Amino acid sequence: TDIAGAADFAHAVALGPDGTIVVAGRVSDSGGSGEQFGVVRYDDHGQPDETFGDAGVAIPPFTFGGIADGVAVQSDGSVVVVGSTVGDVALARLDPQGNMDANFGAGGLVTTDFGLLNGPFPASEFGQDLAIEPDGHIVVAATTQANGSGDLAVVRYDATGTPDPSFDGDGILTVDFAGGFDAGNDVALQPDGKVVVVGSAVSGFSVQTALVRMID
């Protein structure tokens with residue numbers, strides 16, 4: 001599927017309750033305007049779904065572009081996408097017709113800066129994957145980078161896209177394994193509500209699988 005005449009990359013896939021297939025990633029156009037979130041919904045025959053967005057394609061309008069790395073479909077068919085834009089975790093929610101959801105964040109868009117510093121500059125955060133809890137909360141697996149190292153991170157949002165203060169005080173949890181570069185890549189929810197995040201942890205010259213489970 002060619003989106004806008006230049007390079008397109010699919011990074012994540014999810015299935016809708018009606019059998020549709022939703023793909024998220026990054027798209028760019030031949031005019032060199034930079035990369036943007038890209039979302040494509042296909043019908044169950046693999047054709048772009050004409051009832052979604054613009055002939056099956058939706059491009060959440062983050063001001064400075066971005067890259068999508070995770071996607072989930074809610075029970076009503078709404079699509080939630082996570083990634084990053086200019087060093088912040090970025091979320092977008094589209095309604096079942098592929099329009100930006102006005103009840104989520106600012107016109108369907110949310111960006112989250114962890115408030116950490118990389119020397120005198122803001123640190124960088126990257127949303128990697130997400131899962132939707134039964135009550136509508138959104139749990140994001142992420143990575144934060146600063147001063148030559150990184151931490152695995154987890155962010156929980158309420159159904160409107162606001163970080164949930166009941167989760168670690170501000171909605172954001174960072175985990176440092178051994179002082180090196182750690183990353184959170186994927187998230188899953190257990191039936192009992194526990195959150196499991198997997199990624200990697202670096203200690204010296206050793207890179208190991210990192211696994212975190214949170215009670216709530």
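**Entry 1: the turn between strands 16 and 17**

I began at the hairpin of strand 16 and strand 17, where 2 residues lie between the strands and Gly204 takes a positive phi near 65°. Strands here are DSSP runs of E with at least two residues, numbered from the N terminus. I was looking at a predicted model, in which local features need pLDDT of at least 70, side-chain atom pairs count only at pLDDT 80 or more, and totals for chains, interfaces and linings use all residues. Residues are numbered from 1 along each chain as its sequence is written, and side-chain values use heavy atoms, with hydrogens and water left out.

Strand 16 (residues 195-203) and strand 17 run antiparallel and are joined by 9 bridges. I found Gly199 opposite Ala210 in strand 17.

**Entry 2: the rest of that sheet**

Which strands make up the sheet, and in what order? I read an open sheet of 3 strands in the order 15-16-17, paired antiparallel; two strands pair if DSSP finds at least two bridges between them. Strand 15 (183-189) and strand 17 (206-214) are the edge strands, since each pairs on one side only. Neighbouring strands are turned by 25° against each other on average, direction ignored. For that angle, axes are lines fitted to C-alpha atoms, and angles run from 0 to 180 degrees between N-to-C directions.

Ala183 has Ser200 in strand 16 as its bridge partner. The hairpin of strand 15 and strand 16 has 5 residues between the strands, and there Gly193 takes a positive phi near 95°.

A reminder to myself: in a regular strand the side chains alternate between the two faces of the sheet.

**Entry 3: a serine in a loop**

I moved to Ser78, in the loop between strand 5 (67-73) and strand 6 (79-85). Is Ser78 buried or exposed? Ser78 is buried, because its relative accessible area is 4%; buried means under 20%, exposed over 50%, and partly exposed in between (1.4 Å probe, protein chains only). Leaving out residues up to four places away in sequence, Ser78 touches Ala72, Val73, Arg93, Leu94, Asp95 and Pro96. A contact means heavy atoms within 4.5 Å.

**Entry 4: the nonpolar cores**

The largest nonpolar core has 18 residues, and Val39, Val71, Val79 and Val81 have the most contacts inside it. Such a core is a set of buried Ala, Val, Leu, Ile, Met, Phe, Trp, Tyr and Cys residues joined through side-chain atoms within 4.5 Å. Among the elements giving two or more residues to this core are strand 1 (5-15), strand 2 (21-29) and strand 3 (36-42). A second, separate core of 16 residues includes Phe104, Phe114, Leu130 and Ile138. Val71 has Val22, Val79 and Leu130 among the residues it touches.

**Entry 5: the whole protein**

I finished by stepping back. The protein has 0 helices and 17 strands. Buried residues make up 47% of its 216 residues. Its C-alpha trace spans about 50 × 45 × 30 Å along the principal axes.

Key:
Helix = DSSP H or I, 4+ residues; strand = E, 2+ residues; numbered from the N terminus.
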